[in-house]
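Here's a quick tour for anyone meeting this structure for the first time. Have a look at the sequence and the model, then read on.

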Amino acid sequence: MESVNIFINDEPLTISSELNLAALIDGQGGKLKSVALVCNSVLVPRTAWQERCCKEGDKIEIFSVVAGG
């Protein structure tokens with residue numbers, strides 16, 4: 001199993017290259033329905049999190065989604 005180096009909210013992390021974005025968020029303690037994810041400056045739709053695996057050098061930002069007005 002190969003590993004890749006990524007950044008989550010500017011913090012370096014080494015993970016399995018087979019890890020998809022949904023598993024990454026879950027592993028970070030995030031509730032999948034309460035966060036938004038940006039990868040390499042592009043908003044990733046929640047529907048794509050299962051298919052998109054992390055790649056070397058990915059810069060991932062995780063944002064908490066809050067309701068309000």
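Asn40 counts as partly exposed, because its relative accessibility is 36%, which lies between the 20% and 50% cut-offs. Keep in mind that this is a predicted model. Asn40 is found in the loop between S3 and S4, and although Asn40 isn't a glycine, its phi is positive, at about 55°.

Asp10 has a positive phi too, near 70°, and isn't a glycine either. Look for Asp10 in the loop between S1 and strand S2 (11-16). Asp10 is exposed, with a relative accessible area of 61%.

Now to Asp58, which sits in the loop between strand S4 (42-43) and strand S5 (59-64).

| Partner of the Asp58 side chain | Distance |
|---|---|
| Side chain of Asn40 (polar contact) | 3.0 Å |

Ile6 leads us to the largest nonpolar core. This core has 15 residues, and those touching the most other members are Ile6, Leu21, Leu24, Leu37, Trp49, Cys54 and Ile60. At least two core residues come from each of strand S1 (3-8), helix H1 (21-27) and strand S3 (35-39). H1 gives the largest share, four residues.

As for Cys54, its contacts beyond four places in sequence include Ile6, Leu21, Leu24 and Ile60.

Terms used. Residues are numbered from 1 along each chain as its sequence is written. This is a predicted model: local features need pLDDT of at least 70, side-chain atom pairs count only at pLDDT 80 or more; totals for chains, interfaces and linings use all residues. Side-chain values use heavy atoms; hydrogens and water are left out. A polar contact is a pair of N or O atoms within 3.5 Å; within protein, one must be able to donate a hydrogen and the other to accept it, and residues adjacent in sequence count only if both atoms are side-chain atoms. A nonpolar core is a set of buried Ala, Val, Leu, Ile, Met, Phe, Trp, Tyr and Cys residues joined through side-chain atoms within 4.5 Å. Buried means under 20% relative accessible area, exposed over 50%, partly exposed in between (1.4 Å probe, protein chains only). Contact means heavy atoms within 4.5 Å.
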